[in-house]
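Please open the model in your viewer and keep the selection tool at hand. The tour below moves from stop to stop, saying what to select and what is there.

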Amino acid sequence: MESLNKKYSEGIILSKNNVIPTHIKYNNVLVVGDAGSGKSRNVIEPNILQMSSSYVISDTNGNYYKKYSKLLKENGYKIRVLDFYNFDDTISNLYNPFKYLTDNDSIESLVDCLFAWQNSKQKKHEDTFFEICEQLLFSACIHYLIEFCTKENKINFAGLRDLISSLAEYENDTDEKSIGEKLFETLPTDSITYIIYEKFRKSVGKCFKGRTISAIIRLNIFTIPKVASLTNTDNVELDKLGDEKTALFIITAPSSNTYSFLSAILYSQIFETLKNTVMTRKKQLAVPVKCMMDEFANVCFIPDLAVKLMIMKKYNISCVIVVQSLEQLMTVYDNGQEIADCCKTHIFLGSNESKTLEYFTDKVKQSQTNTKSGFIFKIKFKRDKVLNELRFLPSDECIVFMPDQKPIKDKKYNLEHHPNYKKINSI
């Protein structure tokens, strides 16, 4: 491998001469660069060619799947695909999030993802009173399906919509209570399902039917046959990602975020499921899992992402987060800078966006007094000069920021120089 020490050949490629070795646990990476700066070709693709771990790949239009799935399969990878764009059942696996609900926290995380999906694009992260009430209803109904439903084919999103719909359905004109209300009233009063349902009922009072109908509308997307079909059952096996080398391609739309909530739920459940696997077995994953999150700000909104990034390093899971700018990240996440800071390694590929330039200028300044080795600027730190050097970075160069080192200016990694590159078209 060009200019890379052989003993680090399985690490995360950052640039021509820089790699994160496999033994480094603080390996979340933030990649920032304008359109056309090489985020995919110089970072994502070389690291797929490493074939050193399991991969979860955000794949706009399915381009990575088309280019790399055969090569990975030829080299012993299990290939998994979730097509959240075309819902092509000839290539897509099936994904039922309800299969991975193990406790109250996992249920609340699912509910958070559903509401975050509808609010994030409007920068509306503060829940209204009625949204909180609807979250209680969702939580109660999901708990019911997990705790009391005996029909396996109903424990999914379609079944959730049917259950909530029953709260607005009546057997005849004289009924004072709906079918669903009668169902919930038969439950043990000390069950978590009944307790949460009662909180919802008492909170909404006379608005009970209105909030129920609103909740039904939120789930209308699951009346679309192709969506219901993909999410009714499960064969994607998230819990096995760390057992043997697997590549999971998450195919998403290039511009629409209609189904982005599925990606958000998926990523949240990958983190949680693999964490639980490690804790249950009391040993690390046999195969590390790397999430290659290309076009990150356009793919999904993951609640509590900063917390997830901080703890996943304990479980042999890492993320390569790719965005065009800090502004783009902060448009979707109120705590975008905190998320950036949770990635200990950064690759700056070039940008003219002001917040991005200010952020990396500050990182250069911090490195002047808090690092041990490395180099980039021979001049004494002067803010305007650093800003200009970042702004006018040559197109074939990048700047790598690693813990306890000064920023390093280097050439971007050339995909065609990877020893596995020639294998792409030979299969």
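Rings of Phe, Tyr and Trp (for Trp, its six-membered ring) count as a pair if their centres lie within 6.5 Å, and planes under 30 degrees apart are called stacked, over 60 edge-to-face, and the rest tilted. By that rule the structure holds 19 aromatic pairs. Before selecting any of them, note that this is a predicted model, in which local features need pLDDT of at least 70 and side-chain atom pairs count only at pLDDT 80 or more, while totals for chains, interfaces and linings use all residues. Residues are numbered from 1 along each chain as its sequence is written, and side-chain values use heavy atoms, with hydrogens and water left out.

Begin with Tyr-144 and Phe-148, whose ring centres are 5.8 Å apart and whose planes meet at 35 degrees, so that this pair is tilted. Tyr-144 is buried at a relative accessible area of 13%, whereas Phe-148 is partly exposed at 26%; buried means under 20%, exposed over 50%, and partly exposed in between, with a 1.4 Å probe and protein chains only.

Next select Phe-157 and Phe-222, a stacked pair with centres 4.2 Å apart and planes at 15 degrees. Helices here are DSSP runs of H or I with at least four residues, strands are runs of E with at least two, and both are numbered from the N terminus. Phe-157 is buried, with a relative accessible area of 0%, and Phe-222 is buried as well, at 4%.

Now turn to two loops. Asn-61, in the loop between β4 (54-60) and α2 (63-74), has a positive phi of about 70 degrees although it is not a glycine, and Asn-61 is partly exposed, with a relative accessible area of 30%. Which loop holds Asp-304? Asp-304 is found between α11 (296-299) and α12 (305-312), where its phi, near 55 degrees, is a positive value in a residue other than glycine, and Asp-304 is exposed, at a relative accessible area of 52%.
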